[in-house]
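Hi,

Here is the structure I said I would pass on. Have a look at it first, and my notes on what turned up follow below.

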Amino acid sequence: MYAVRRWVVRHSRGFEFIYNVFEPVIACLDPVWRGIGYARVEKPVTAVERAVKGFLFDCKMCGQCALSSTGMSCPMNCPKNLRNGPCGGVRANGHCEVKPEMKCVWAEAWAGSQHMKNGRKIHVVQKPVDFRLRDTSSWLRVVRQIAAKRMAAQGEQK
Ligand code: SF4
C-alpha cells in the first residue's frame, strides 16, 4: 500500500534496526530449516514474506531483496525496475515520469537512506535483477548465504 510504504521510508532507521535483529535470528534457524528441508519450507516462508513485505514495502517478491541498500524503498516499484538509481525522467516535484501520482522510488530511497545508520550502502552497485528468482524467499536465500559463509570460514580454520 502506497501510504504504508511511504511511512516505512520515513521510519527507515527503525526498520533497519528491526532487520538487523531479525536477520541473525532466522540465520540461527538454519539447522532447523535444513532438518525440515529448504525445499519444504520455501513455500510457507515465501507466503509469510510476501504477506509481511507486501503490506509494508509493496514488495514484488523479486527474491533478491535490496531494501537495506535502498533506504527501505523497494526498487521493484519503479516501473522500469531500475536497481541503481533513478532514470532521467524524474519530474521536478520528485515524482515518476511513468506514474506521475507516485513519488520516484529512488527519490524515496535516497531520503530513506539518509535516516539509516548504514545508509551509505545506497552507493553499492546492485546486480541486475535475476528474474529466475522471482517468487522465491529472499529471507531463506540470505540464511543460506550466511550458513555457506560460516561453513567456509570453519573449513578454513581446520
Ligand atoms: S527488493 Fe525484491 S524482495 Fe525486496 S521488497 Fe523489493 S521486490 Fe521485495
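Predicted model: local features only at pLDDT ≥ 70, side-chain atom pairs only at ≥ 80, totals over all residues.

Residues are numbered from 1 along each chain as its sequence is written, and side-chain values use heavy atoms, with hydrogens and water left out.

**Around the ligand**

Which residues are around the ligand? They are Lys-53, Cys-59, Lys-60, Met-61, Cys-62, Cys-65, Ala-66, Leu-67, Cys-74, Pro-75, Met-76 and Arg-83. To be listed here, a residue needs one of its heavy atoms within 4 Å of the molecule.

Ignoring neighbours within four places in sequence, Cys-62 is in contact (heavy atoms within 4.5 Å) with Met-76, Arg-83, Val-129, Asp-130, Leu-133 and Arg-134.

**The core**

Cys-62 also belongs to the largest nonpolar core. That core has 12 residues in all: Val-4, Val-8, Phe-15, Leu-56, Phe-57, Cys-62, Leu-67, Met-72, Cys-74, Met-76, Met-116 and Val-129. Helix 1 (2-10) and helix 4 (38-57) are the elements that give two or more residues to it. A core here is a set of buried Ala, Val, Leu, Ile, Met, Phe, Trp, Tyr and Cys residues joined through side-chain atoms within 4.5 Å. Buried means under 20% relative accessible area, exposed means over 50%, and partly exposed is in between (1.4 Å probe, protein chains only). Helices (H or I, at least four residues) and strands (E, at least two) are DSSP runs, numbered from the N terminus.

Met-72 counts as buried because its relative accessibility is 6%. Met-72 has a positive phi of about 70 degrees, although it is not a glycine.

Asp-58 is found in the loop between helix 4 and helix 5 (105-115), and it has a positive phi of about 55 degrees without being a glycine. Is Asp-58 buried or exposed? Buried, because its relative accessibility is 13%. Its side chain reaches the backbone nitrogen of Met-1 at 2.3 Å. I'm calling that a polar contact: a pair of N or O atoms within 3.5 Å, where within protein one must be able to donate a hydrogen and the other to accept it, and residues adjacent in sequence count only if both atoms are side-chain atoms. Beyond four places in sequence, Asp-58 is in contact with Met-1, Tyr-2, Arg-5, Lys-53, Cys-74 and Asn-77.

Glu-42 sits in helix 4 and is buried, with a relative accessible area of 18%. The Glu-42 side chain reaches the backbone nitrogen of Ser-137 at 2.7 Å. Not counting residues up to four places away in sequence, Glu-42 touches Thr-136, Ser-137, Leu-140 and Arg-144.

Asn-84 is in the loop between helix 4 and helix 5 and counts as partly exposed at 44% relative accessibility. Its side chain reaches the backbone nitrogen of Gln-126 at 2.7 Å. Leaving out neighbours within four places in sequence, Asn-84 is in contact with Trp-106, Val-124, Val-125 and Gln-126.

Cys-28, in helix 2 (residues 12-28), counts as exposed at 61% relative accessibility. Cys-28 and Ala-148 are 120 residues apart in sequence and 13 Å apart in space, C-alpha to C-alpha.

**From the record**

The unreviewed UniProt entry carries the annotation "domain: Methylene-tetrahydrofolate reductase C-terminal-like" over residues 39-131. UniProt positions are in the numbering used here, feature names are shortened, and annotations may be inferred rather than shown by experiment. Over residues 39-131 the chain is 32% helix and 0% strand, and the end C-alpha atoms are 19 Å apart.

Cheers
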